[in-house]
Number of protein chains: 2
Amino acid sequence: MEPTYAITESLALINRSKIAMLGSVDKNGYPNIKAMLNLEHDELNTIWFSTNTSSKRVTQFHQNPKACVYYVDQERFMGLMLVGNLEVLQDSKSRQRLWRPGFEMYYPLGVDDPDYSVLCFTSVLGNFYHGLANHTFEV
Amino acid sequence: MEPTYAITESLALINRSKIAMLGSVDKNGYPNIKAMLNLEHDELNTIWFSTNTSSKRVTQFHQNPKACVYYVDQERFMGLMLVGNLEVLQDSKSRQRLWRPGFEMYYPLGVDDPDYSVLCFTSVLGNFYHGLANHTFEV
């Protein structure tokens, strides 16, 4: 598999995904997974999610920033895993960037709700597969 | 949310899922995720997957058995995470139990292919969510 093919297909997979799976490591060393709304990304380098500040994931990432993000297209037997580090942000610019109509459902006080946080994931490496072919690349 | 409701809905979610996301921790302490074919489970207690013995996941689980399994229904905003431990099996009974027509695509030598392994996951705890409601339970 050509690197350019894997990266092109990876970006297309992200762009058509409604959700991404976010991986973290809990305080006992166990992997955790949660589906997140697919909101924004900058190529394969940076991915942003929104979450509640009070959520278990925010506590976990404050303790351990190691993370992964996974996208899957089960009809095409295609998947992308990005491994990297995650930072919890609460600055005004990040909050406004990620805010979407209807987010009051999650954050009743609006864009300045203290329970609204932005998760900023930075990739270190990626693995894209399609069928039986695998391609690992640095990001 | 009643515990019985969460468990009934969790089992229904597993039964209608084509894939499950398997979480592991790599040698550098990063969480990893991979989609697996949803094959067999015993209630919420034990879940079996098939994989290549030569795969990265088998190496990871030999080094660190901590695992999680995640099922998601993105249309219904519903998800189930099971956290527990995973054992790599190669005994004949386990191989035969998991074997499916067409698996020669992955394991050309058939049910005795040394590159065919069974992953046996045992749950410790679960978390089921539907919309904004969360329920954590011991398994």
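This is a predicted model: local features need pLDDT of at least 70, side-chain atom pairs count only at pLDDT 80 or more; totals for chains, interfaces and linings use all residues.
Okay, opening question: leaving aside neighbours within four places in sequence, which residues is B:Val25 in contact with?

Chain A puts 36 residues in contact with 36 residues of chain B. Between them the two chains bury about 2,800 Å², and 67% of that is on carbon and sulfur atoms. On the chain A side, the residues losing the most area to chain B are A:Tyr30, A:Pro31 and A:Ile33, together 24% of what that side buries.

Now the polar part. Six residue pairs are in polar contact between chain A and chain B, counting pairs with both residues at pLDDT 80 or more. Who supplies the chain A side? At least two residues each come from strands S1 (19-25), S2 (31-37), S5 (66-73), S6 (78-89) and S7 (116-130), plus helix H2 (56-63). By type, that side splits into 20 nonpolar, ten polar and six charged residues. As for salt bridges, the rule finds two across the interface. One pairs A:Lys18 with B:Glu75, with the closest N and O atoms 3.8 Å apart.

From chain A, the contacts are A:Val25, A:Gly29 and A:Pro31; from chain B, they are B:Tyr30, B:Gln60, B:Asn64 and B:Lys66. B:Val25 sits in strand S1 of chain B, residues 19-25. Buried or exposed? The relative accessibility of B:Val25 is 7%, so it counts as buried, the cut-off being under 20%. And one distance to finish: B:Cys68 is 43 residues away along the chain, yet its C-alpha is 9.7 Å from that of B:Val25.

Key. Residues are numbered from 1 along each chain as its sequence is written. Chains are lettered from A and ligands numbered from 1 in the order in which they are written. Side-chain values use heavy atoms; hydrogens and water are left out. Contact means heavy atoms within 4.5 Å. Buried area is the accessible area (1.4 Å probe) that two parts lose on being put together, summed over both. A salt bridge is a side-chain nitrogen of Lys or Arg within 4 Å of a carboxyl oxygen of Asp or Glu. A polar contact is a pair of N or O atoms within 3.5 Å; within protein, one must be able to donate a hydrogen and the other to accept it, and residues adjacent in sequence count only if both atoms are side-chain atoms. Helices (H or I, at least four residues) and strands (E, at least two) are DSSP runs, numbered from the N terminus. Ala, Val, Leu, Ile, Met, Phe, Trp, Tyr, Cys and Pro count as nonpolar, Asp, Glu, Lys and Arg as charged, and the others, Gly among them, as polar. Buried means under 20% relative accessible area, exposed over 50%, partly exposed in between (1.4 Å probe, protein chains only).
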